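Subject: Structure handover

Hello,

Please find the structure below. My notes on it follow, starting with a single residue and moving out to the larger elements.

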Amino acid sequence: MPPTVRPALALATTAVLAVSGWGAAPAQAAADVSITAFGAVAGDGLDDLPAIRAAVAEAQRRGSDVRVPAGHFHHDGLVELAGVVLRGTGERSELTALSTELQAVALSGTGTGVRDVRLTTVPTTQRSSTDVSARVFVRPGTDGYEVRGVTIEGATSAGVIAFGDDGVIEDNHVSGTLADGIHITEGSTGIRIRDNVVRDTGDDQIAVVSYEKFGEWARDIEIVGNDVSGGHARGITVSGGEDVLVERNRISRTGGAGIFVASEGSYRTYPVRGLRVLRNQISHDSQDPALPEKGGIRLQATNTDPSIVDAHFERNVIRHSGDSGVLVVGSAVTEATFERNQVVRPAAYGIRVVSTVAGALSFRRNSVASSGLAPFSDASSADVVSDMPNDPAAADGGPGESYVADRFTPVVDGVAEDAWQASSPLQLSVEPNGTTGVARVAWDEQRVHVLVEMVDATPSSHAANEHSDSVEMWLDELNTRNGARTTGDSQLRVGRDGALSSVVQGLVGSTDVRRAVTETPSGYTVEVSVPWAELEPTAGTVVGFNASANDDSDDDGQRDTYLSWVDKNLPYWADTRVYGQLTLTD
Ligand SMILES: [Ca+2]
Ligand SMILES: [Ca+2]
Ligand SMILES: [Ca+2]
Ligand SMILES: [Ca+2]
């Protein structure tokens, strides 16, 4: 097929070179190499990967682009692009991945790109977490890349997962992925994510995540002018990163937070430093009652200390949040300013700072209209400056009450003997569907015992982990309040069917767990006992603890709500500092 539109494409390429920092381009590019010249056949449903690979090799030799003409092609395995641009004619140039595991168009090297193609996949519902099962995978070390004008429909993991530097991800349409829409990670530097449309993703819609395990932060990231809607989790996430701009994005109908800013204890991500969040439009965030990480704009300081510094939020508009418009949680230092933001009709607070928050926060000239609870609530002892009246009525647990775990050794039979009454009742939250529960803790020299009496009228036990009816115990034996879990910290989940699971790898298999579950007229009762791992307990010892529970109320194998003793907004799953305190008594 002749390269009839060469001049326009050459112009566009020049623009890309200017922003992505590529080196000198040839004044006149060699003619594109079409995949059909190497044997790719459109519309026959058969694998074209050998032809694509041959065309890529030829384009690499010539220094030209690879062309995908209009037509429906297939690839059974990874399409590896190193130093070449794969270019189609738009949505009519379709590439379908036949493998759900080796699904990616993978970019590496320098000056690599994928443009103006439609990437589809065979149907899959089983999410994978591998990079090669993303639909576009920018490999570590890639330098100067573009993903532009690409339509991505479905992916086993993310739509785009990108390592590497100096990238442009622009004008793409990403939908129906099982993991994030667009995910930037490792020490990615100089990435422009602009004017993308993201719909109905299985996880976050656009995320920048800097894991400590990679040893470096994402830096110099722009997320501007994107339109994201229908994400299962958060709209836009910045979990560890430096010099990040989030501006003029439209975010709507998210299961969790609209914009989520964190150093996450559960995933061990770096701090956020140098963040500007400006003029974004957020509506109908926090729609999924089963998801804990909510809020129109949520700040969650739960790993490094400080977690969030030099963060500025200005002129954002947050409408119809399913939770609070601005929600600040966690217990590591947060330093942030909020100016001229508008919150309209949040279900809970306009702006809420929970009791455990530390650091310095400034709120000026923000407005809140028609909040379900108070316009402004600060229950913390952080250095908070605000020009709105404070209504700290929110009961976050917090100091003031004392709770005891009494000494006795129960029979682990799922029946609450009278001796349990000497331990404080720890009231779990009461959910709108009526599900609730009460936990109690007891101890002896060898073991810690937990009783949870659940009110849950909808038995469901056929899914894994938190998606079945289940109770959870979170324990900080040494009460080190480290934030991220460390020595002496554990978590254990007991299903209504007695199944054991844990977010801490190895705990279930390596620990002598005794448990019994009985059905009751209104729900079920769990009695569980585990050996102390670190503590040599005596009367008067204080331990950190939380009890939580999960409810699948329509028996579809997906959690519908969750309950907790400490306030549900406190990120107990990521931060041991928000646990309650139990005194062991004799
Ligand atoms: Ca074919
Ligand atoms: Ca018992
Ligand atoms: Ca249930
Ligand atoms: Ca369900």
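**A buried phenylalanine**

Phe313 counts as buried because it has 24 C-beta neighbours inside 10 Å. Here a residue is buried if 20 or more other C-beta atoms lie within 10 Å of its own, exposed if 12 or fewer, and partly exposed in between, with C-beta atoms placed from the backbone. This is a predicted model, in which local features need pLDDT of at least 70 and side-chain atom pairs count only at pLDDT 80 or more, while totals for chains, interfaces and linings use all residues. Residues are numbered from 1 along each chain as its sequence is written, and chains are lettered from A and ligands numbered from 1 in the order in which they are written.

Phe313 is part of strand S29 (residues 308–314). Helices (H or I, at least four residues) and strands (E, at least two) are DSSP runs, numbered from the N terminus. Apart from neighbours within four places in sequence, Phe313 is in contact with Val277, Ile297, Ala336, Phe338 and Asn341; contact means that the C-beta atoms of two residues, placed from the backbone, lie within 7 Å. Val246 is 67 residues away from Phe313 along the chain, and their C-alpha atoms are separated by 9.4 Å.

The UniProt record (unreviewed entry) places "domain: Right handed beta helix" at residues 143–265. UniProt positions are given in the numbering used here, feature names are shortened, and annotations may be inferred rather than shown by experiment.

An open sheet of twelve strands runs in the order S3-S6-S9-S12-S15-S18-S21-S24-S27-S30-S33-S36, with parallel pairing. Two strands pair if DSSP finds at least two bridges between them. S3 and strand S36 (367–369) are the edge strands, each pairing on one side only. Within the sheet, S12 (residues 151–155) and S15 (residues 173–177) pair in the parallel sense over four bridges, and Glu153 has Ser175 in S15 as its bridge partner.

**Helix H2**

Helix H2 (residues 49–62) has 14 residues. From first C-alpha to last, H2 reaches 20 Å, close to the 20 Å expected at 1.5 Å a residue; the expected span is 1.5 Å times one less than the number of residues. The buried residues in H2 are Leu49, Ile52, Ala55, Val56 and Ala59. They cover an arc of only 120 degrees around the axis, which puts them on the same side of H2; the arc is that of the directions from the helix axis to the C-beta atoms. An α-helix has 3.6 residues a turn, so residues three or four places apart point the same way. The cover over the buried residues of H2 includes strands S1 (33–34), S2 (66–67), S3 (71–75) and S4 (79–82).

Six of the eight residues of strand S41 (residues 436–443) are buried, so S41 is largely enclosed by the rest of the structure. Its pairings are as follows.

- Strand S39 (residues 403–407) pairs with S41 in the parallel sense over two bridges, and Asp406 stands opposite Ala442 in S41.
- Strand S40 (residues 426–427) pairs with S41 in the antiparallel sense over two bridges, with Val438 in S41 as the bridge partner of Gln427.
- Strand S42 (residues 447–455) pairs with S41 in the antiparallel sense over eight bridges, and Trp443 has Val448 in S42 as its bridge partner. A hairpin of three residues joins S41 to S42.

Regards
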